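Subject: Structure handover and notes

Hello,

Here is the structure I said I would pass on. My notes follow below it.

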Amino acid sequence: MRILLTGSNGQLGQAIKFLKPIFFASEELELITSTRSRLDFLNPQECHSFVKKLSPDWIINAAAYTNVDGAENNNKEALKVNRDSPDAISKALLETGGKMIHISTDFVFDGKNTSLYLPSDDTNPINFYGKSKEQGEKLLISRLYATNQIHIIRTSWLMGPIGNNFANNMINLHKNKKDINVICDQIGCPTSTSSLANFCWNLIKNYKQINDLPPILHWSDAGAASWYDVSVAVGEIGLKLGLIKSLANINPILSSQYNSIAKRPKFSILNCQLSEKLFQIKRLHWKNSLEKIMKEIPILD
């Protein structure tokens, strides 16, 4: 089985590489990785040609334009990476017959729900990053749903031991600041990169055994948190593990008090019950996942 992983140097891509199984049943697995230098998502035609020539059995698309504030001022780049290049890949897959896992986001929702978001809920993004991801989803569904070639996984607040994410940024702030202001009125759920990577591999391994697998699934860690909650937990765990020597004072603030270009949904917890049921797996609570992540972070003076 030949699998193409895009965005392989990102925090999710690295977790997918690390957790790669050697075999699925008796079939040997060949994982082909691509970085921006090899496969440029700002060039949709290049993506189409690359996939058509390679003809993989599966693509795990972990490449994305994820700078939420940056997307507000770089609409064209965000659309090329999050909509146009995935769409170009889908056209190639129609010719080659391969399947695609596409990683999407809780930011396709507007945050006005009072209950957890189901995969079937209507989308209504409130920032351009969310709009670009929503448009990418819709094009992929329109092209590949009828042939059962697309599986979209929405996730939230992705964090791992490497790369640019909230947990790593917060460790640095605890090290270098006495006071930190953190938003307390945006509610979601952190997701570890290893948790999402394992879910991707589970999907590929088991999709033939699952009847009527829907084209969109949700996956995050369990529980609920504000960014303030996560920052407090990072400090407590970091102190216990020796990643930091002392805690900064963390001050809860409202979104309206934070200088941000893009709006964020106030509530974006994903309902993952269907995913747990279909694949018979249980999610870890986000605090447990966070501690596992932080145990992998090297201690630096």
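Where is the place of N148? N148 sits in the loop between α5 (128–144) and β7 (150–155). Helices and strands here are DSSP runs (H or I over at least four residues for helices, E over at least two for strands), numbered from the N terminus.

Before the rest, two points on how to read this. This is a predicted model, in which local features need pLDDT of at least 70 and side-chain atom pairs count only at pLDDT 80 or more, while totals for chains, interfaces and linings use all residues. Residues are numbered from 1 along each chain as its sequence is written, and side-chain values use heavy atoms, with hydrogens and water left out.

Two backbone angles

Most residues other than glycine have a negative phi. N148 has a positive one, near 60 degrees, and is partly exposed, with a relative accessible area of 38%. (Buried means under 20% relative accessible area, exposed over 50%, and partly exposed in between, with a 1.4 Å probe and protein chains only.) Q280 also has a positive phi, near 55 degrees, and is not a glycine. Q280 lies in the loop between α9 (273–279) and α10 (286–295) and is exposed, at 73% relative accessible area.

The strands

Strands are called paired if DSSP finds at least two bridges between them. Strand β1 (residues 2–6) has two such partners to report. With strand β4 (residues 30–34), β1 pairs in the parallel sense over 5 bridges, and L4 stands opposite I32 of β4. With strand β5 (residues 58–61), β1 pairs in the parallel sense over 4 bridges; here L5 has I60 as its bridge partner.

From β5 the pairing goes on to β6 (99–105): 4 bridges join these parallel strands, and I60 stands opposite I101. β6 in turn runs parallel to β7, with 6 bridges, and H102 has I152 in β7 as its bridge partner.

As for cover, 4 of the 5 residues of β1 are buried, and in β6 the count is 7 of 7. In a regular strand the side chains alternate between the two faces of the sheet. For β6, one side carries K99, I101, I103 and T105 and the other M100, H102 and S104, all of them buried.

Helix packing

Helix α1 (residues 11–18) has Q11, L12, G13, A15 and I16 as its buried residues. These pack against β1, β5, β6, β8 (158–159) and α7, where contact means heavy atoms within 4.5 Å.

In helix α7 (residues 193–206) lies L203, which counts as buried because its relative accessibility is 0%. Leaving out residues up to four places away in sequence, L203 touches W58, I101, H151, I153, L213, L217 and F279. M294 is 91 residues from L203 in sequence and 26 Å from it in space, C-alpha to C-alpha.

Nonpolar cores

In soluble globular proteins, nonpolar side chains tend to be buried together. A nonpolar core is taken as a set of buried Ala, Val, Leu, Ile, Met, Phe, Trp, Tyr and Cys residues joined through side-chain atoms within 4.5 Å. The largest has 29 residues, and those that touch the most other members are L4, F41, V51, I59, I89, L93 and M100. Two or more residues come from each of α2 (44–54), α3 (68–73), α4 (75–96), α5 and β7. The most come from α4, which gives 6. I89 touches F41, C47, V51, I59 and M100, again without residues up to four places away in sequence. A second, separate core has 27 residues, among them L12, L31, I103 and W201.

How many cavities of 30 Å³ or more does a search of the whole structure find? There is 1. A cavity is a set of points, on a 1 Å grid over the protein atoms alone, where a 1.4 Å probe fits but cannot get out; lining residues have an atom within 4 Å of a point. Grid points are joined across faces, edges and corners, and the volume is the space filled by probe spheres set on the points. The largest cavity holds about 40 Å³. Its lining consists of F107, W157, Q186, I187, G188, W227, R264, P265 and S268. By class this lining has 5 nonpolar, 3 polar and 1 charged residues, where Ala, Val, Leu, Ile, Met, Phe, Trp, Tyr, Cys and Pro count as nonpolar, Asp, Glu, Lys and Arg as charged, and the others, Gly among them, as polar.

Regards

How values were computed: 1 Å grid on protein atoms, 1.4 Å probe; cavity = no way out; pocket = protein on both sides within 12 Å on 5 of 7 lines; lining within 4 Å.
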